[in-house]
Structure formats: structure tokens, C-alpha cells
Amino acid sequence: MTLIHARGLVKRFGDFTAVDGIDVDVERGEAFGFLGPNGAGKSSTMRMIGCVSPPTDGVLRILDLDPRTDGPRIRARLGVCPQLDNLDIELTVRENLTTYARFFGIPRRVARSRADELLEFVQLTERADSKVEPLSGGMKRRLTIARAMVNEPDIVLLDEPTTGLDPQARHLVWERLFRLKQQGVTLVLTTHYMDEAEQLCDRLVVMDGGRIVAEGSPRALIERYSTREVVELRFHGESQDVFADKLAGLGERVEVLPDRILLYVSDGDAAVAEVHRRSLEPASVLVRRSSLEDVFLHLTGRTLVD
Amino acid sequence: MITLVLPRLVSFEGAGRRSGAMVERNAATLRSAYWLVMLAGFIEPVLYLFSIGIGVGALVGDLTLPDGRVVEYATFVAPAMLAASAMSGALSETTFNFFGKMKFMRLYDGILATPVRPIEIALGELAWAMIRGNLYAAAFLVVMVVMDLTTAGAAVLAFFAAALVGFAFGGIGMAVSTFMRSWQDFDLLSSAQFALFLFSGTFVPAQDYPPVLRWVVEVTPLYRSVDLIRSITLGGAGWVQVLDVLYLLAVFAVGLTVAGRRMERQLCK
């Protein structure tokens, strides 16, 4: 069953077009990702799906309802974890869940028992009576995720769920999200972390400048837009450019960066042997598997967008 | 007016419950410090009543009303203090607190991700402000009855009038807050509030003003509130007071509508 269906979806703010006609379908039980640099239109798309931002143009159906007219009914079945935590700082950790449940019309007794379960799930039981302020960033994010689960939603929307978290906290969040996915919860997330997308997403779209530039599973995207392996070479000297000519024709693509040269090849070791045969002596050599990051940078470019 | 405007903004199915959840949220934040704030809100009008009503009243002596009746100055000032306190109670909750929650705590962003709508948040916040304002009003009316400034029967009626005054100013407060850009803008609001407090026929009958000024004073919401409550506690309410009630209902409906619309525009971009 298609839970989210968008065709030609557009969001404009005045003259600025944040989302420029995207087509998306998300199926039940799927973990779907929007991948893209800052300003690609990911958050605007998420806000439209979350029924807090009316689409400017195009078709959008969520849970087979129209967000323009059925906002409250749709939101009743969504869980939202926004990019910036907006927990209620005047309430305790547990109260954040119990009062939030009341906005969904969940009876108090049910709200209390569900809050206890969720605190257990996100490992915050010991901090239940603490205020929100002293919690670490990771704890706040886990609490926000727990809050998004309080109405047992059909779809959970996560806008950059691990941005700003330290590695331990990120892994704990990933592990909890993976558990949700196993329970059959449909996850829709945005991220600019490639490892996050590879870890969590069954399927994803790469967005750039408000448009979808690629779509598929992480594996399929790597196969289509990159090679199997990547060789990273570093040469001594001022510039890497002088070596680029000598590497011409090696692999499918040679990319020269200020500090290193990347060779996109199917067989990394063979490419390294060829480098040595051409009597080049790089200071360091790294052969690695191609990642979603290579796809991402290939598609959206290396120029900084802010 | 309310029955005309509101149903178009809110379908009442579940709306009351969702606004109620907003009230519940506020009740959950109640901590001991809040009771001190509440106590201060109650004491303020009582202090005015004693210092001006009784203190200055001793210098002023008795007052002749436009209809020829002669009353003590404290009896004249007390209902105005009640109206002013209903105003300030409603405004403090719907301006500073409301603005802080909307712009700085980002509280409503989280709530709008639930089935709750902007207008329902506004309604819930207003209801909450009313609970606070009505407690002040009830306490003050008890003081008035004890001091023999009105009768118990009139006090009950005046309580409902004070509640209406609170709703009207709550609506104004919320609507105005959606126009505020920063905390500095609230200084303007405080000045306006103080000017209303001084010149709305509170301490001096508006009939004593020059005609032009009198006309200006008589269209302000606090003047209509004072007029309504004074005519109840002094006795002698008539058709003019029906106008007061309609006026305050209209102010409330317009304020709430504007607040709801502007919240939607600002929070649901």
C-alpha cells in the first residue's frame, strides 16, 4: 500500500522555489530516505508531508488523504521528529510524553503506561523525572523520537535524526530506528550522512536544488553512479594536478582534489599495480569500496552550498 | 458574532478536547513560583482600591453620578479596578507568555505536528488565561462584598462580566502578540495598557472630559468594560450595557480570529 504519494510537488516561498516538482512514492513498511546537501529542499518536503506546510502546487496524498483538507486526521497518524528539538522545557521528561499524548486525545491512563514503555525503549527511564534542559543532545533526540512514537504512528518522519550527535549517540539512535523498522513502522528520513542512509534506508532519493536527481536502493545507486572500488592517491608536492595527466585513462573516472586524486575503478589492486608500472610513487595509497558518499558528491557536486 | 465567525474556523468535533489539552499542558507546568505571581496579580487591584479608593477618596469625598445618585468614591472606583485587573490578568498571559512560547520556546511547532490546529492552540491559551483572570476577579469581588461596596447578587453578575472582559482582552493580547517582533515592542503595549488604565473612566467619570476626548475614551475596550461592571455593581444597568456586551464579544471574536489566522501563517509556512 502506498502511504505517501507525490506528483509534481512544488513548494515556493515568494520567489524562491524550495521544492521544484518532485515525484515520490513510499510504501508501507519501507525505510525511505531523502538525501541531499543543505538547501536541497528536504526539510520543506518533510514539512509538507507532515501537514504543517501547504504545498504550492502538485499532488500530495498521505495515507490516502489530502493534507489540504484532512490535516488533523493525517497528523493523528504521523510521528514527527523535527530537525531541531522542540521539546517542552517547562515539563519533565515523562510529562513531555504524557502531555503530548493528550494532544492526540489519548486517555491519561494509556498515556502514562505508553510513556513508561517508550522511556524504556529509548533508555531514558532513569531520567524520567528530570527536566529536559540538563539532558545531553543524544538524550534529547531520543526523547524526541519517543515523543514521535506516542500515538503509535503509521509513518514516522525524521528530519536529520542524528545531526549534531556524537558517534555513540548516533549509533544508539540508529539501533533504535532499526528496531522500529523491524517492527514494521514506515520510516521517512532526511539525512546528509551517507553512512546513515546506507544503514537505514531501503530506498532513497537524492535531492539537489529542489529536484530529485537520482532514485533507488543504496546498492543500486552505487552501482549506477559510481564504480565498485575507489583508489585514493596522495602525492608529495605542492599540487596534485601534475600527476593527473600521468594517470589518464586509469579506470572510469579520475577526480583531482586539492589534497588527493581519486580513481574510480572496478578493480582497485589492479589499478594500483598500473600506477606503479607508470613509475609513479604516491606517498599513500588507499583502496576502498565505493560508498554512497561518492554517488552523492558525483551527483550534487563538491561546491559548498549553504 | 461568535456563532457567526467561529464555526468557519473550527469544526467543533474534537476541537474543544484539543484546546483542553492545551490547558492541561499549562496546568502541568504549574510550579510553586507561579502561585507567587498569581498572588501578586490579586494583591495589585486591592492595593489600588485601598490607596486610591479609600485614601484619595477621603480627599475627594462623595461623587455625584450622571443620573444624580451620590456614591462614595471607593464604590465608584472598585468596579473599575475589577475591570482593569481582568484586563491585565488576561493580557499578561496572552502577551508575554504567549509570545515567549511561540517565538522562543518553539512550543507550538511541536504541538502543530499533532492533530491540534493553530486556532485550537489560541483557544486553549485563551481559556487558560481566563482561568487565571477569573480567579483574580472572584477574589476581588469577595473583597468588594466584604467592604460593602456592592451586593452579593450583583457580585455574581459582575463575575461573569469580568470573565467577558477577560476574554475580550485575551483576544486582543493574542492578536497583538502575533505582530510583535521583539520583546522591546512590548514596552509599547505596556504604555498603551497604562494609558487605558488611567483614562478609561476609571478614576474620573468620562463625562468630565471635553467632548472630543470623551468620545475617544468611550470607544476604548476598557471604558466599555468599566461601564459594564460599574453599572452592575452600582445597580442601574440598561440598554447601553447590552451594547457593552456586544462590543466586548465582537472584540473577542475579532481578536481570536486574527490571532488564529496569523499563527497559522507564521507557523505553517
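Domain bounds here come from an automatic or database domain assignment. With that in mind, welcome to the tour of this predicted model.

**Stop 1: chain A as a whole**

Select chain A and colour its two domains. Domain 1 takes in residues 2-13 + 21-217, while domain 2 covers 227-289. How far apart do the C-alpha centres of domain 1 and domain 2 of chain A lie? They are 41 Å apart.

Chain A has a mean of 90, and 98% of its residues reach 70 or more. Among the elements of chain A, look for strand E4 (residues 57-62), which has the highest mean pLDDT at 96. Then find helix H9 (residues 241-244) of chain A, where the mean is the lowest, at 78.

**Stop 2: a helix pair in chain A**

Select residues 93-103 of chain A, which form helix H3, together with residues 108-121, which form helix H4. These two helices pack at an angle of about 135°, and their axes are 9 Å apart. That angle makes H3(A) oblique to H4(A).

Show the side chains next. From H3(A), display A:Arg94, A:Leu97, A:Thr98, A:Ala101 and A:Arg102. They meet A:Ala111, A:Arg112, A:Arg114, A:Ala115, A:Leu118 and A:Leu119 in H4(A). Sorted by class, this contact has 6 nonpolar, 1 polar and 4 charged residues.

**Stop 3: where the chains meet**

Bring chain B into view. The contact between the chains takes 20 residues from chain A and 22 residues from chain B. Which elements give two or more residues to the side of chain B that touches chain A? They are helix H2 (15-28) and helix H5 (107-111) of chain B. H2(B) gives the most, with 6 residues. By class, that side of chain B has 10 nonpolar, 4 polar and 8 charged residues. For the complex, the predictor gives an ipTM of 0.83 and a pTM of 0.83.

**Stop 4: H2 of chain B and its partner**

H2(B) passes H6(B) in a right-handed crossing.

On the H2(B) side, pick out B:Ala15, B:Arg18, B:Ser19, B:Gly20, B:Met22, B:Val23 and B:Asn26. Their partners in H6(B) include B:Ile121, B:Leu123 and B:Trp128. The residues of this contact divide into 7 nonpolar, 4 polar and 3 charged.

**Stop 5: H7 and H11 of chain B**

Select helix H7 (residues 152-177) and helix H11 (residues 239-267) of chain B. Their axes come within 7 Å and cross at roughly 30°. That makes H7(B) roughly parallel to H11(B). The crossing of H7(B) and H11(B) is left-handed.

Among the residues of H7(B) in this contact are B:Leu164, B:Phe167 and B:Ile172. H11(B) brings residues including B:Val245, B:Phe252 and B:Leu256. By class, the contact has 15 nonpolar, 2 polar and no charged residues.

**Last stop: confidence along chain B**

Colour chain B by pLDDT to finish. The mean is 86, and 94% of the residues of chain B reach 70 or more. Over residues 1-12 of chain B the pLDDT is below 50. Beyond near neighbours in sequence, that stretch has 13 contacts in the model.

Methods: Residues numbered from 1 in each chain as written. Chains lettered and ligands numbered in written order. Predicted model: local features only at pLDDT ≥ 70, side-chain atom pairs only at ≥ 80, totals over all residues. Axes fitted to C-alpha atoms, helices over the stretch in contact; angles between N-to-C directions. Helix = DSSP H or I, 4+ residues; strand = E, 2+ residues; numbered from the N terminus. Parallel < 35°, antiparallel > 145°, perpendicular 65-115°, else oblique. Contact = placed C-beta atoms within 7 Å. Nonpolar A, V, L, I, M, F, W, Y, C, P; charged D, E, K, R; others polar. pLDDT = per-residue confidence, 0-100. Left-handed = near helix turned anticlockwise from the far one by under 90°.
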